[in-house]
Amino acid sequence: MKALLMEEVGRPMTVQNVADPMLTPDGVIIKVEASGVCRSDWHFWKGDMEMRAPLPHVLGHEFTGIVEEVGSHVTQFKRGDRVVVPPIQADNTCPYCLNGHQNLCDNKYTLGVRQWGGFAEYALIPKAEGNLVKLPESIDFVSAASLGCRFVTSYYGMIDQVKVQAGEWVVVHGCGGIGLSAIQIANAIGAKVIAVDIGDDKLELARSLGAVYTINGMKENAIEAVKEITKGGANVSVDALGITATCQNAILSLGKRGRHLQIGVTTKEEKGFIPVPIDEIVTKELQIIGSVTMPISRYTPMLHLIDTLNIQPSKLVTERISLDQAGDVFEAMSSFSNIGISVVDRF
């Protein structure tokens, strides 16, 4: 099969012919139909996050496709099923899994991190029962690839973690895939969304997805602008990027008893640590809430909400590319010049 191989950290990747995946008794092999290029992939490629597999390696954890082969122990899936792969794979036996928090599984792993992922023609999904979701006919493969990890991470963070309500002011700092997803979801449930970024092209896309105000952080003071628009500060802030400036500005954009959602993870510069305004957190009774991907148990409610509210995740897809072009997207991410979501749909 063809696959995009990462041979060295931070070095250009190339498409090569490699061996097909081997079926396991508890797994399925899927023919990949679409695979999203995520900033998390970029973090692993850049070395910001630890790779748990030897090089050469195949990244990609936002993929969807058709079941090609089924292991002898698998009963819930059959050849020809349309499926989407949750980014977090779980053992479904630890206490967190048994309580519906598979995203915090003690033995969790991500396809494309611990084993080869979705930037290839075929992929193995081990322990498929409990780690794979059937895709409704109403959702096409490119839309399914755009769900996540970005859309599912934003959905879980906005709906389950900070519990955004209709009528609340929500400010999203960073209008990449996660930030744009958060904007679309908050708008769909009736919140008033302010988008902050340093790129006017990204802010224009944010407005098309429901942001009622946009702020270019290079041209005006985002904190003061948010407080002026909201008359005191937002109810909810989101750092969708994970750098010091966006995290601090997001927290400082909040009004009293505001909730801050941290989705973005840090780069090598922050090394996992960002100073936060503790006195402001105390005196305003602010909450800081972390969120990582989404439990598999939340996929059905999410898909129902997408249908009910006519949310269109594919609006975030700004380009459909071939596998040969995926490496160029990684390069663009290094300068934060890419817009929206890139999805590989030609292999």
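**Core.** I started with the largest nonpolar core of this predicted model. I found 52 residues in this core. Met158, Val170, Ile183, Val238 and Met302 touch the most other members. I then asked which elements supply at least two residues each. The helices are H3 (141-161), H4 (177-188), H5 (200-208) and H9 (299-308). The strands are E10 (169-173), E11 (192-197), E13 (234-239) and E17 (341-346). Helix H3 gives the largest share, 10 residues. I also noted a second, separate core of 24 residues. Leu4, Met13, Trp45 and Val58 are among its members. As background, nonpolar side chains tend to be buried together in soluble globular proteins.

**Val238.** What does Val238 touch, leaving out residues up to four places away in sequence? I listed Met158, Val170, Val171, Val172, His173, Ala250, His260, Leu261 and Ile263. Two of the names I had already written down, Met158 and Val170, are on that list.

**Whole protein.** I stepped back to the overall fold. I counted 10 helices and 17 strands in the protein. The radius of gyration is 20 Å, close to the 20 Å that the globule rule gives for 347 residues, so the protein is as compact as a globular protein of that length. Along the principal axes, the C-alpha trace spans about 60 × 40 × 35 Å. Buried residues make up 55% of the 347 residues. I also checked contacts between residues at least 6 apart in sequence. Of these, 70% join residues at least 24 apart.

The volume of the largest cavity is about 40 Å³. Its lining consists of Pro86, Ile88, Ala90, Gln102, Asn103, Gly130, Asn131, Met294, Pro295 and Ile296.

**Pocket.** I then turned to the second largest pocket, with a volume of about 170 Å³. Ser138, Ile139, Asp140, Ser143, Leu147, Ile306, Asp307, Asn310, Ile311, Gln312, Pro313 and Ser314 line this pocket. Helices H3 and H9 each supply at least two of the lining residues. The lining divides into 5 nonpolar, 5 polar and 2 charged residues.

**Gln184.** I looked up Gln184 in helix H4. Is Gln184 buried or exposed? Its relative accessibility is 7%, so Gln184 counts as buried; the cut-off is under 20%. I listed its contacts beyond four places in sequence: Phe151, Leu209, Ile311, Gln312, Pro313, Lys315 and Leu316. Ile311, Gln312 and Pro313 also line the second largest pocket.

**Glu121.** My last entry is Glu121. Where does Glu121 sit? I placed it in the loop between strand E7 (109-110) and strand E8 (122-125). At 24% relative accessibility, Glu121 counts as partly exposed. Beyond four places in sequence, Glu121 touches Met1, Lys2, Ile30, Lys31, Val32 and Phe347. I also checked Pro21, 100 residues from Glu121 along the chain. The C-alpha atoms of Glu121 and Pro21 are separated by 9.9 Å.

Definitions and conventions. Residues are numbered from 1 along each chain as its sequence is written. This is a predicted model: local features need pLDDT of at least 70, side-chain atom pairs count only at pLDDT 80 or more; totals for chains, interfaces and linings use all residues. Side-chain values use heavy atoms; hydrogens and water are left out. On a 1 Å grid over the protein atoms alone, a cavity is a set of points where a 1.4 Å probe fits but cannot get out, and a pocket is an open set with protein on both sides within 12 Å along at least five of seven lines; lining residues have an atom within 4 Å of a point. Grid points are joined across faces, edges and corners, and a volume is the space filled by probe spheres set on the points. A nonpolar core is a set of buried Ala, Val, Leu, Ile, Met, Phe, Trp, Tyr and Cys residues joined through side-chain atoms within 4.5 Å. Buried means under 20% relative accessible area, exposed over 50%, partly exposed in between (1.4 Å probe, protein chains only). Helices (H or I, at least four residues) and strands (E, at least two) are DSSP runs, numbered from the N terminus. Contact means heavy atoms within 4.5 Å. Ala, Val, Leu, Ile, Met, Phe, Trp, Tyr, Cys and Pro count as nonpolar, Asp, Glu, Lys and Arg as charged, and the others, Gly among them, as polar. The radius of gyration is taken over C-alpha atoms; the globule rule is 2.2 Å times the number of residues to the power 0.38.
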